[in-house]
Amino acid sequence: MVFQRKHILGLEDLTAEEIKLVLDTAESMKEVSLRDVKKVPALKGITVVNLFFEPSTRTRSSFEIAEKRLSADVLNFTPDQSSVVKGETLLDTARNLEAMGATVIVIRHAMSGAPWVLARELDSSIINAGDGSHEHPSQALLDLFTIREIKKEIGGLKVVIVGDILHSRVARSDIWGFMKLGAEVRVVGPPTMIPREIENVDVKIYYNLEEALKGADVVIMLRIQKERLGAELFPSLREYSRFYGLTRERLGLAKKDATLMHPGPINRGVELSSEVADDVHSVILDQVTNGISVRMAMLYLVASGGGNG
Amino acid sequence: MNILIKNGRIIDPSANLDKSGNVFIEDGKIKNHPSDIKKLEKDQAVKIIDAEGLIIAPGFIDLHVHLREPGFEYKETIRTGCEAAAAGGFTSVVCMPNTNPVNDNASVTEYILLKARTEGIVNVFPIGAITKGEKGETLAEIGEMWEAGCVGISDDGMPVMNSRVMRHAMEYVNAFGIPVISHAEDINLSGNGVMNEGFTSTILGLRGIPNASEEVMVARDITLAELTGAHLHIAHVSTAGAVRLIRDAKKRGVKVTGEATPHHFTLTDKAILNYDTNAKMNPPVRNQEDVDALKEGLKDGTIDIIATDHAPHSEDEKKVEFDLAPFGISGLETALPLSLRLVKERVLTINEMIKKLTINPAKVIGIDRGTLKAGVVADLVIFDPDKSVTVDREKFRSKGKNTPFHGWQLNGSVAHTIVGGKVVFSV
């Protein structure tokens with residue numbers, strides 16, 4: 001199978017086969033990361049711009065390492081050092097970068113759909129590194145990759161996503177990814193944080209964490225953003241943690257070999273109790289390592305794929 | 001020059017008229033519908049328009065237009081807005097006050113009317129603001145604006161959240177007999193919403209505006225209309241619940257009318273699936289059930305009027321992140337073919353459609369137009385209801401190219417638009 005897409009904007013667009021192709025490619029890329037000389041010439045001569053309008057140390061560093069391992073020329077562009085603060089539009093900023101020779105643009109933006117603006121108007125390949133509350137495809141792909149390594153097979157798994165589904169791009173991408181590969185997905189959180197009509201994509205909605213955790217193979221905890229406190233979505237962090245915080249006791253309701261994931265950074269004592277936060281650490285570090293391989297695969301596939309001839 | 005329009009199908013819902021015939025315009029007024037035209041045809045001083053196969057109707061009246069002048073001339077001017085109206089078959093447009101400065105006093109009203117007289121090719125009827133600066137706090141000088149020529153009041157785009165202020169506005173206008181046009185939206189419920197709340201907003205991760213945001217305000221304003229006896233006109237009705245509330249109120253005898261826009265009865269929020277900012281609109285385009293309810297409301301008369309909410313914006317303003325793009329659709333030049341779809345779908349007869357574009361809006365603002373009766377000002381449209389057209393925004397007269405209908409294959413094309421006995425547009 002050849003990857004035909006010019007852009008990776010979200011997992012909603014990708015077929016199960018395309019997702020598997022990314023994961024398979026990531027496996028080969030992981031092998032590169034285990035070598036002494038962690039570098040291949042796949043993207044030699046290609047300029048990749050990391051256009052990050054939102055601060056993100058992890059995702060941006062991970063993309064940067066991935067790009068360098070593929071021998072791309074890398075430009076990191078963050079708005080506080082640029083003309084964006086002077087009122088330049090997203091499109092003008094990106095056009096400038098393209099004029100400097102960028103052929104792949106990795107974009108992170110606080111507003112949903114921002115990568116679509118670039119995909120519509122520019123010639124470059126666009127990789128969505130997280131847009132607003134919409135999608136975060138590289139995070140979901142590395143979640144899938146990590147789970148596939150641990151469980152061997154994603155089809156048939158019970159996956160529980162806990163927390164602020166309404167505002168979470170990780171949740172949306174994970175829902176698409178796990179569903180397309182045949183898992184059963186449950187979402188759980190306070191009703192104010194469950195987006196309207198999400199049941200139409202066949203996820204099961206729970207408001208009770210204990211109920212949702214029963215028999216789970218994978219538990220994905222979302223970060224609670226403290227700035228949501230003012231928006232009347234929940235009364236206090238204390239009450240949130242009481243009903244939706246993961247404790248060892250609650251985790252015991254899931255399967256014995258259940259895998260716990262968190263896209264980080266963790267709020268200790270809010271969505272995870274301190275003891276669970278310590279337990280989860282090993283998988284988090286695996287995820288970070290796998291993140292590089294998955295992003296190498298994404299970059300390689302769009303840069304060499306059918307979309308670019 | 002006097003004009004003879006011959007051999008057309010004359011449809012004038014104000015007189016329950018639908019017949020083949022001729023219309024003679026003399027000195028800018030409808031003279032009569034002569035059956036013997038031999039003598040007129042020979043008269044060199046009479047301009048003859050052959051309307052064979054075409055419909056002759058009163059010129060359309062758009063109760064909801066943003067002409068953007070003064071203040072936002074880069075989006076639209078009175079000149080370009082009127083040209084777009086003429087191209088769309090509209091002979092009168094009613095312009096909303098959210099300009100800069102806001103039309104909240106007689107001098108702004110006079111400026112708009114002066115500009116319209118000197119540069120506009122169709123009639124312009126301004127709406128004054130309800131409150132000063134559309135801030136929702138203190139009443140604007142409604143009486144003076146009425147004297148200057150305002151035909152109604154509205155804080156369109158900025159709902160009056162304070163119910164006491166709205167109550168007083170409704171009581172106060174009773175002195176002048178003009179309607180209060182409500183942009184019904186609870187801005188707390190809308191929050192920072194940018195599209196309809198539902199499955200599509202969930203998928204796209206965009207903040208939603210629930211139907212309830214419109215419905216609670218429609219309910220409030222109907223309640224206040226009952227309290228005050230004012231004529232309440234609900235602008236751009238978009239939800240099934242709002243249609244129900246208006247239907248119910250009408251049954252009780254409340255003086256309430258409603259309008260629907262072509263985009264609301266044509267599109268659902270699926271139009272936004274690719275983050276198309278040209279379909280970003282407030283109130284947002286909704287669900288299929290809402291579209292169906294609007295059609296039902298148009299059919300049973302709950303919705304009296306088709307209005308465009310013509311809201312032109314510059315291309316640069318729309319080529320941005322969805323959250324940052326302004327709300328609004330350029331509507332004047334697609335209204336007729338989109339409304340004719342309702343006729344094709346048997347939601348409305350052609351006569352009912354024309355009624356909702358002519359005499360019904362004329363009645364809301366109390367103007368003696370929207371009719372072909374002898375003696376009235378000759379505002380007419382002559383159009384071909386069947387002619388196939390492809391919407392091309394580059395050909396819009398309006399500066400606003402922001403349409404979600406670009407490339408659509410539709411039927412219905414304006415042949416001539418006549419304002420005050422003068423041909424202002426011919427295809």
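This is a predicted model: local features need pLDDT of at least 70, side-chain atom pairs count only at pLDDT 80 or more; totals for chains, interfaces and linings use all residues.
Two residues count as being in contact if their C-beta atoms, placed from the backbone, lie within 7 Å. By that rule, residues 24 or more positions apart account for 76% of the contacts in chain A with a separation of 6 or more. Residues are numbered from 1 along each chain as its sequence is written, and chains are lettered from A and ligands numbered from 1 in the order in which they are written.

Chain A holds 10 helices and nine strands; helices (H or I, at least four residues) and strands (E, at least two) are DSSP runs, numbered from the N terminus. Its C-alpha trace spans about 55 × 45 × 35 Å along the principal axes. The radius of gyration of chain A, taken over C-alpha atoms, is 19 Å, which agrees with the value near 19 Å for a compact globule of 309 residues; the globule rule is 2.2 Å times the number of residues to the power 0.38. Of the 309 residues in chain A, 49% are buried, that is, 20 or more other C-beta atoms, placed from the backbone, lie within 10 Å of their own.

Where the chains meet, 20 residues of chain A are in contact with 16 residues of chain B. On the chain A side, helices H3 (90-99), H4 (114-121) and H6 (169-180) each supply at least two residues, and H4(A) gives the most, with three. By class, this side has eight nonpolar, seven polar and five charged residues. Here Ala, Val, Leu, Ile, Met, Phe, Trp, Tyr, Cys and Pro count as nonpolar, Asp, Glu, Lys and Arg as charged, and the others, Gly among them, as polar.

Chain B splits into domain 1 (2-56 + 376-391 + 408-426) and domain 2 (59-185 + 211-268 + 291-318 + 330-365), with bounds from an automatic or database domain assignment. Their centres, taken over C-alpha atoms, are 27 Å apart. The contact takes 20 residues from domain 1 and 22 residues from domain 2. Strands S16 (380-390), S17 (409-419) and S18 (422-426) of chain B each bring at least two residues to the domain 1 side, and S17(B) has the largest share, seven residues. That side comprises 14 nonpolar, four polar and two charged residues.

Technical notes
A residue is buried if 20 or more other C-beta atoms lie within 10 Å of its own, exposed if 12 or fewer, and partly exposed in between; C-beta atoms are placed from the backbone.
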